[in-house]
Each structure stands twice: as structure tokens, then as C-alpha cells.
Amino acid sequence: MLVNQRLLTALFFILSLVCLEIQACPPILPVIAGAFTGIFAAGRAVGSKRSQERPATKFKGCYADSVNARDMGKASFHSDSLTHVLCRDACKKANMKHMGLQNGTECYCANKYGKYGQISTLKCDKNCPGNEKETCGGYMANTVYDV
Ligand SMILES: *[C@@H]1O[C@H](CO)[C@@H](O)[C@H](O)[C@H]1NC(C)=O
């Protein structure tokens with residue numbers, strides 16, 4: 001039944017396109033074909049937008065760091081316009097599982113974190129300079145997310 005429905009939908013879609021192409025459609029068909037095309041385009045747009053803009057979702061907490069031996073290794077990069085997306089994309093490219101944002105401008109990527117323990121989220125008190133709504137850690141404090 002499901003296959004038949006899909007087949008019918010596909011057939012109807014193709015038919016609509018063909019009739020649009022030769023401009024000999026019953027008046028309702030272009031509307032339907034247009035709706036189909038719109039839905040597909042919207043789906044694609046949402047899909048690509050998601051991969052580029054969706055912020056990391058799994059918040060792991062605020063974790064202490066130490067100057068002498070950084071919990072999450074060397075900072076991946078510094079940015080005066082840091083956002084979660086920027087850091088996440090860098091950590092994704094580096095194939096790391098977690099990202100840590102610190103002191104507003106530092107992004108760390110690592111597969112492990114938490115050597116110095118979890119601390120109050122109040123210690124992760126800096127907004128991301130690139131997005132005021134996001135938290136980018138605090139002084140010696142990492143805002144940690146799964147990538
Ligand atoms: C943390 O950020 C402040 C500015 O908010 C800066 O003055 C300070 O040098 C930074 N500390 C470190 C360790 O990067």
C-alpha cells in the first residue's frame with residue numbers, strides 16, 4: 001500500500017512536471033507541481049542550513065581549567081567573534097568529540113574533558129562575542145558541549 005502511494009505520488013509529480021514543460025496542463029496541475037517543487041526546495045534548504053548553523057545541542061556543563069596543563073589541550077583557535085557554531089565546526093573538522101569555550105574567545109577541541117572537575121555554571125559567565133545569547137566559558141572555565 002505504501003509503495004503504491006509513493007509510486008502514485010512520484011508519477012503524479014512527473015506528470016505535473018511534464019505538463020508544465022509542454023504548458024498543456026489542466027489549471028490545477030501547475031499549482032500542485034509548484035507545491036511539490038517548493039516542498040523539495042524547502043527540505044533541501046532546511047537540511048543544508050541545519051548542518052551549517054545548528055548549534056551544538058548537548059551541554060555538558062562548566063568545567064575548571066588550569067593554566068599549566070590545559071584540560072582540553074591547546075586551544076584550537078582564538079576568535080574575537082567566537083560563537084558555538086564556529087567552535088563546533090572547527091572541532092568537527094578536527095574529528096573531536098567535545099568542544100570547550102573559554103574566557104569568551106578561546107575554542108578547545110578534545111576527546112576528553114573534566115580533569116579539574118565540574119564547577120558551577122556561574123563560573124562560565126562570559127557571553128560569546130559573536131553571539132551574545134551564547135555562553136563562551138569564563139576565566140579558567142570551559143563551557144563544554146558534545147560536538
Ligand atoms: C580573558 O579575557 C579577558 C577579557 O575579557 C582578558 O583581559 C584576559 O587576558 C583573558 N585571560 C586569558 C587567560 O586569556
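Me: Two residues are in contact if their C-beta atoms, placed from the backbone, lie within 7 Å. With that in mind, against which strands do the buried residues of H3 pack?

Reply: In this predicted model, the buried residues of H3 pack against S3, S4, strand S6 (127-128), strand S7 (131-135) and S8. Helix H3 itself spans residues 84-93 and lies across S2, S3, S4 and strand S8 (141-146). Its direction makes an angle of about 35 degrees with S4.

Me: Which residues of H3 are buried, and what puts them on the same side of the helix?

Reply: The buried residues in H3 are His-84, Cys-87, Arg-88 and Cys-91. They cover an arc of only 100 degrees around the axis, and therefore they lie on the same side of H3.

Me: Why does Cys-87 count as buried?

Reply: The criterion is 20 or more other C-beta atoms within 10 Å. Cys-87 has 30 C-beta neighbours inside 10 Å, and therefore counts as buried. This cysteine is located in helix H3.

Me: Which residues are in contact with Cys-87 when its neighbours within four places in sequence are left aside?

Reply: They are Leu-82, Met-99, Leu-101 and Cys-107. Cys-107 belongs to S4, where Phe-77 stands opposite it. A further distance can be given for Thr-105: its C-alpha is 9.9 Å from that of Cys-87, although 18 residues separate the two in sequence.

Me: What makes S4 a strand that is largely enclosed by the rest of the structure?

Reply: The burial count decides the matter: 5 of the 5 residues of S4 are buried, so the strand is largely enclosed by the rest of the structure. Glu-106, Tyr-108 and Ala-110 point one way from S4, while Cys-107 and Cys-109 point the other way, and all are buried. In general, the side chains of a regular strand alternate between the two faces of the sheet.

Me: How do you know that S4 pairs with S3 and with S2?

Reply: At least two bridges are needed for two strands to pair. Strand S3 (residues 98-102) and strand S4 (residues 106-110) are joined by 5 bridges, and S2 and S4 by 2 bridges. Among the bridge partners in S4 are Cys-109 for Met-99 and Tyr-108 for Gly-100.

Me: Why are strand S2 (77-78) and strand S5 (118-119) called edge strands?

Reply: The sheet is open and antiparallel, with 6 strands in the order S2-S4-S3-S8-S1-S5. S2 and S5 each pair on one side only, and they are its edge strands.

Me: What share of the protein chain counts as buried, and how many helices and strands does the chain have?

Reply: Of its 147 residues, 28% count as buried. The secondary structure comes to 3 helices and 8 strands, running α-α-β-β-α-β-β-β-β-β-β from the N terminus on.

Conventions. Residues numbered from 1 in each chain as written. Predicted model: local features only at pLDDT ≥ 70, side-chain atom pairs only at ≥ 80, totals over all residues. Helix = DSSP H or I, 4+ residues; strand = E, 2+ residues; numbered from the N terminus. Axes fitted to C-alpha atoms, helices over the stretch in contact; angles between N-to-C directions. Buried ≥ 20, exposed ≤ 12 C-beta atoms within 10 Å, placed from the backbone. Arc of directions from axis to C-beta.
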